[in-house]
Amino acid sequence: MSVTNAMGCGEQHGYEESYRGIKFEVNLLKKVRLEIAVNQDFVEKTTAAIIEGARTGQIGDGKIFVLDLAECIRIRTGDKGDAAIG
Ligand SMILES: Nc1ncnc2c1ncn2[C@@H]1O[C@H](COP(=O)(O)OP(=O)(O)OP(=O)(O)O)[C@@H](O)[C@H]1O
Ligand SMILES: [Mg+2]
């Protein structure tokens, strides 16, 4: 998997902060972005594991976007498709 520190907001568009009496809007919050490529058989298991680990039931828990992957090539061996994803 790949893990990236990201900035983002959902439908709440961040929140309002106050510093020395001055209010300002924080529109982007620190988030962690996970990118995980899996074979079709593992999509359900993977999303279930993320939900189990990330869900608090509070707003801002995040979203999972499931995308089709056109191709994967392991550079070292030239493996393609399912074999390359592992
Ligand atoms: N439509 C979207 N497109 C791209 N990234 C998104 C989108 N919605 C949410 N995100 C990303 O997911 C993070 C968490 O979003 P969040 O869970 O707050 O979404 P929400 O729709 O507001 O749901 P909730 O009501 O649970 O807060 C955001 O900070 C952003 O990085
Ligand atoms: Mg939100």
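In the predicted model, V3 stands opposite L34 of strand β4. T4 is placed opposite R33 of β4. These pairs belong to an antiparallel arrangement of strand β1 (residues 2–8) and β4, joined by seven bridges.

Burial was examined for both strands. Strand β1 has seven residues, and the number of them that are buried is zero, leaving β1 hardly covered. Strand β4 spans residues 29–35. A residue counts as buried if 20 or more other C-beta atoms lie within 10 Å of its own. None of the seven residues of β4 is buried, so this strand lies largely in the open.

The domain assignment divides the protein into domain 1 (1–34) and domain 2 (36–86). The centres of domain 1 and domain 2, taken over C-alpha atoms, are 24 Å apart.

Ligand 1 has a shell to which both domains contribute. At least three residues come from domain 1 (1–34), and at least three from domain 2 (36–86). The surrounding residues are G8, C9, G10, E11, Q12, L29, K31, I59, G60, D61, G62 and K63.

Methods
Residues numbered from 1 in each chain as written. Chains lettered and ligands numbered in written order. Predicted model: local features only at pLDDT ≥ 70, side-chain atom pairs only at ≥ 80, totals over all residues. Buried ≥ 20, exposed ≤ 12 C-beta atoms within 10 Å, placed from the backbone. Helix = DSSP H or I, 4+ residues; strand = E, 2+ residues; numbered from the N terminus. Pairing = 2+ DSSP bridges. Near = placed C-beta within 6 Å. Domains from an automatic or database assignment.
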